[in-house]
Amino acid sequence: MDVMTLIDGKKVSAEIKEQVADEVGKLKKQTGKVPGLAVVLVGEDPASAVYVKNKNKTCEKMGFQSFSHTLSADTEEKVLLKLIADLNANPEVNGILVQLPLPDHINEHKVLEAIDPKKDVDGFHPVNVGTLTSGGNALAPCTPAGIIEMLDFYKIDIEGQHAVILGRSNLVGKPMASLLLKRHATVTICHSRTRDLPTVARSADILVAAIGKPGFVTPDMVKEGAVVIDVGINRVDGKLVGDVDFEQVAEKAAFITPVPGGVGPMTIAMLMKNTLSAFKKTNNL
Ligand code: NAP
């Protein structure tokens, strides 16, 4: 087999963040304004709190204005909806991110639908989902958008390739399919009811694993020379592992993403890129 290339998500993410920060600096000189990102956290989940802190830090480092709102776990839905309405109306806020999951007493759909689609930098609003699905230019969910950036960075052909996506979530699997279709791949989505998944996976030129099961993708599911993208983040004995049995699959793949250091770092870079896009669109830049 030819030599395998490790896709370095940290490197691609750093390059995107640098480009975005440069553009923010230029636009600040030109307009006196910078993009603003509001992050809303409900509850005290420690993992979510770490994500939110990191997002705020990244904002500051990259010259964005950052707005952080932490509400207690027993916050009423209407209080959260009022906060979102205020953020929708605030001209300094270009992106609104509500950290998921929300507590059980809050209707997640209702909250996500309350965000102004122009500020929906997570790309979860039905208007953006619909625009993306019909092939338009919408704010796209950050994780799958980041995967497209990685494929482009490594000059991996997408057009005409058979892409197989394992997982059909609204967060990853479905938007990944829309983005790959937009780039003219032939797309197959597999899920827990798929019959003979290994055979389908083995026909993939590009295999995206987003199911949340450690080591699920074994070498018998991978075609020699395939591109393997591992979205999974699983904790096993205190260690982060993906959905792909990395050591063994790396022997067959032409390109593969590691976990950690693959898809993970791309998500935040794309969040900043989406916020910059929303800022530019609102300000006709
Ligand atoms: P999810 O909402 O739990 O969806 C999992 C999907 O996998 C579902 O469509 C499910 O099928 C399918 N699935 C589960 N077990 C399966 C099996 N045995 N065979 C075939 N399909 C199976 O998960 P998600 O939010 O998409 O996330 C997936 C993974 O990516 C998780 O590990 C998550 O932590 C990670 N993730 C990483 C990032 C990042 O930044 N790197 C971002 C988001 C998510 P059904 O629909 O039939 O139930």
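Predicted model: local features only at pLDDT ≥ 70, side-chain atom pairs only at ≥ 80, totals over all residues.
Local features need pLDDT of at least 70 and side-chain atom pairs count only at pLDDT 80 or more, whereas totals for chains, interfaces and linings use all residues. Residues are numbered from 1 along each chain as its sequence is written, and side-chain values use heavy atoms, with hydrogens and water left out.

The chain is divided into domain 1 (32-116) and domain 2 (141-264). These bounds come from an automatic or database domain assignment. The C-alpha centres of the two domains lie 29 Å apart.

Six strands form an open sheet in the order β1-β11-β8-β7-β5-β6, with parallel pairing. The edges are held by β1 (5-6) and β6, each with a single partner strand, so one side of each is left without a neighbour in the sheet. Strands (E, at least two residues) and helices (H or I, at least four) are DSSP runs, numbered from the N terminus. Two strands pair if DSSP finds at least two bridges between them. Two bridges link β1 to β11 (residues 255-256) in the parallel sense. Here T5 stands opposite F255. At β6 (residues 186-190), five bridges join the strand to β5 (residues 162-166), again in parallel. V164 of this pair faces T188. Together β5, helix α7 (residues 173-182) and β6 make a right-handed β-α-β unit. Right-handed means that, with the strands pointing away from the viewer, the path from the first strand over the helix to the second runs clockwise.

The ligand is surrounded by 21 residues, each with a heavy atom within 4 Å of it. The closest are R168, S169, S192, I233 and T267. The shell divides into nine nonpolar, ten polar and two charged residues. Ala, Val, Leu, Ile, Met, Phe, Trp, Tyr, Cys and Pro count as nonpolar, Asp, Glu, Lys and Arg as charged, and the others, Gly among them, as polar. A side-chain N or O atom of K213 is 3.3 Å from a ligand nitrogen. A backbone N or O atom of I233 lies 3.0 Å from a ligand oxygen. For a polar side-chain atom of T267, the distance to a ligand oxygen is 2.8 Å. Taken alone, the ligand exposes 930 Å², and the protein buries 70% of that (Shrake-Rupley method, 1.4 Å probe).

The peptide bond from L100 to P101 is cis, with omega near 0°. P101 lies in the loop between β4 (95-98) and α4 (108-114). The bond from V259 to P260 is also cis, with omega near -5°. P260 sits in the loop between β11 and α10 (264-282). D237, although not a glycine, has a positive phi of about 50°. Its loop runs between β9 (234-236) and β10 (239-241).

Definitions and conventions: Polar contact = N/O pair within 3.5 Å; in protein donor to acceptor, adjacent residues only side chain to side chain.
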